[in-house]
Amino acid sequence: MNSTSAEPELSEPFLLGWLSSLGLDVEYIRGEGNTLYFLGEDGREVPVLDFAGGYGSLIFGHNHPEIVAHAQNLLASQVPVHAQFSRHPYANDVALALNKIINRELGTVEPYSAIFANSGAEAVEAAVKHAELDRVLRAQALAEEIDAHFEEARSAVRGGTAAVSAAARAQLGLGGGESGGPDSAAVVLEELVAEVTRRNAEQSSRPPLFLSLEGAFHGKLVGSVQLTHNAGYRTPFTALAAQARFVPRERPGALKEIIENNRAAVLDVVTEGGDIRVVPRDFPVFCAFVLEPIQGEGGINVISEEFARDIQEVCATADVPIIVDEVQSGMGRSGTFLASSQVGLRADYYVLAKSLGGGLAKSSVMLVRKSRYRDEFELLHSSTFAKDAFSCHIAHKVLDMLEAEDGKAYRLATERGARLTEMFEAVRADFPHVIKGTRGLGLMLGLEFSDQSESTSEPLREQADFLGYVIAGYLLREHRIRTFPTASAVNTLRFEPSVLLTDAEIDRLEAGLRAVCGLLRDQDGESLVRL
Ligand code: F0G
């Protein structure tokens with residue numbers, strides 16, 4: 001199935017070896033709709049039905065003719081792909097189109113400002129950077145307020161109208177001040193100010209904390225990998241970036257508890273009724289809560305409306321901005337433009353990528369609601385390739401296609417997804433001990449197989465930690481079907497085809513899955529595992 005070469009393999013040879021051991025090291029030479037092609041031994045194209053869908057980046061399939069024609073026209077017209085630091089009306093058009101869709105879906109009117117990037121993880125990090133800038137500026141404003149209160153206290157002491165209360169001195173463990181008089185009152189105040197300043201510096205130098213969900217995946221760059229729950233990806237790099245507290249899924253109350261246990265306070269002084277007192281003020285230690293409405297890589301887990309409500313309420317009370325990562329679930333895949341709109345979650349930030357590039361461009365965007373937006377960010381963050389004309393025009397085309405015919409694509413995602421789920425349920429009903437469950441929304445679906453670590457078949461037992469990959473290898477070898485497990489929940493296969501999915505394609509998948517289930521039921525590891 002592969003082209004061979006005498007040249008050494010220098011591009012991730014270890015990974016290639018691993019793919020090869022599973023029979024997944026195929027070279028695809030062409031893609032169209034939900035089909036990829038490789039060259040068979042006889043030199044003819046062999047079609048493979050693709051449910052991996054570019055990791056969910058192909059809502060309209062491989063090389064959709066309308067998107068391809070649009071791209072060809074752009075190139076033929078010599079669109080200036082890279083014209084940094086100039087007017088980018090095409091980027092604004094995408095931002096306007098996104099606003100129109102999102103406001104309609106959320107029933108809101110507040111605009112969202114758009115910052116473009118090139119990949120999912122990059123846009124997540126842009127959102128995180130923006131949230132951190134906002135946090136730092138809020139902390140600075142708080143520090144300035146406290147400084148102004150020091151001045152108020154100083155002028156009251158100078159005027160003899162107030163003095164540091166004994167309670168305040170005791171609170172901070174300070175002595176002195178008994179002799180009274182303006183001079184010593186001033187000295188006492190300066191001692192108090194010095195102690196408050198010292199304690200506040202300690203608190204405000206604490207690194208920011210992120211909140212994320214158990215099972216979360218937000219990318220693998222230096223910052224985003226720390227929001228990604230899988231310890232294998234995350235822990236070698238913890239020294240490089242700020243850390244997250246991982247909130248258990250679907251346990252209302254857990255988030256509030258984590259916030260309570262990690263909250264920080266600074267001290268402020270209040271001059272009132274002749275007394276100078278010390279009072280605590282909440283310090284913004286949480287940068288943001290970052291979450292996927294449907295976890296992709298973590299096993300296709302949809303958050304419930306109840307849990308979304310809990311998150312919304314707790315974050316609003318604690319003033320923690322919510323970043324909803326719709327990199328995988330967004331762009332119509334769930335049956336609505338944003339999956340979060342189906343569970344009633346309203347975010348301060350949205351992150352989109354994958355299908356925004358129409359399968360041809362690499363593009364992503366993060367959106368910040370106006371009330372949180374800091375325009376200073378525009379001078380602090382940029383990328384050579386972000387906001388380029390080609391990817392913006394393609395993104396606009398994809399948005400037009402999603403919205404066409406009164407949102408036909410969203411309806412298709414819902415309807416095709418329901419049909420696919422119905423098939424999964426039918427297979428599950430026939431193999432209840434083999435399939436543990438089906439999850440997801442629209443065309444972001446997962447099928448969980450039962451654990452095989454106690455299998456009576458030795459090859460199955462040995463490969464139990466890679467079960468999803470073994471099944472993927474079998475489906476490709478024997479049925480010419482491409483699917484992958486969710487890498488952090490390896491017993492779950494995920495299915496993210498395009499909205500063009502046909503009944504015949506669903507039937508082909510059904511035949512493949514029934515064959516897999518039969519082998520697992522019979523514990524026929526020899527046939528399933530590539531030995
Ligand atoms: N956020 C989510 C929810 C994702 O699913 C991904 C990628 C990213 C961020 C990072 O995007 O790869 O463009 O930098 N998910 C891939 C997957 C890896 O397996 O679906 P990226």
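These exercises work through the domains, cores, ligand site and some single residues of a predicted model.

Residues are numbered from 1 along each chain as its sequence is written, and side-chain values use heavy atoms, with hydrogens and water left out. Since the model is predicted, local features need pLDDT of at least 70 and side-chain atom pairs count only at pLDDT 80 or more, while totals for chains, interfaces and linings use all residues.

**Exercise 1. Nonpolar cores**

Which members of the largest nonpolar core touch the most other members?

Step 1. A nonpolar core is a set of buried Ala, Val, Leu, Ile, Met, Phe, Trp, Tyr and Cys residues joined through side-chain atoms within 4.5 Å. Buried means under 20% relative accessible area, exposed over 50%, and partly exposed in between (1.4 Å probe, protein chains only).

Step 2. Name the members. The core has 130 residues, and Leu192, Phe289, Phe337, Leu402, Leu420 and Phe449 touch the most others.

Step 3. Find the main contributor. Helix α12 (residues 389-430) gives the most, with 16 residues. Helices (H or I, at least four residues) and strands (E, at least two) are DSSP runs, numbered from the N terminus.

Step 4. Check the domains. At least three residues come from each of domain 1 and domain 2.

Step 5. Look for another core. A second, separate one has 26 residues, including Ala127, Phe210, Phe246 and Phe377.

Step 6. In soluble globular proteins, nonpolar side chains tend to be buried together.

**Exercise 2. The ligand**

Which residues around the ligand come nearest?

Step 1. List them. There are 14 residues around the ligand, and Gly120, Ala121, Asp325, Gln328 and Lys354 come nearest. A residue counts as near if one of its heavy atoms lies within 4 Å.

Step 2. Look at Gly120. One of its polar backbone atoms is 2.8 Å from an oxygen atom of the ligand.

Step 3. Look at Arg494. Here a polar side-chain atom lies 2.9 Å from a ligand oxygen atom.

Step 4. Taken alone, the ligand exposes 470 Å², and the protein buries 82% of that. Accessible areas come from the Shrake-Rupley method with a 1.4 Å probe; for residues, only the protein chains shown count as cover.

**Exercise 3. Leu447**

Is Leu447 buried or exposed?

Step 1. Read the area. Leu447 is buried because its relative accessible area is 0%.

Step 2. Find its contacts. Beyond residues up to four places away in sequence, Leu447 touches several residues, among them Phe424, Ile435, Leu493 and Leu513.

**Exercise 4. Positive phi**

Where do Asn63 and Glu405 lie?

Step 1. Recall the background. Most residues other than glycine have a negative phi.

Step 2. Take Asn63. Its phi is near 50 degrees, a positive value. Asn63 sits in the loop between α2 (53-56) and α3 (65-76). Asn63 counts as partly exposed because its relative accessibility is 39%.

Step 3. Take Glu405. Its phi is also positive, near 50 degrees. Glu405 lies in helix α12. Glu405 is exposed, with a relative accessible area of 57%.

Methods: Domain bounds come from an automatic or database domain assignment. A polar contact is a pair of N or O atoms within 3.5 Å; within protein, one must be able to donate a hydrogen and the other to accept it, and residues adjacent in sequence count only if both atoms are side-chain atoms. Contact means heavy atoms within 4.5 Å.
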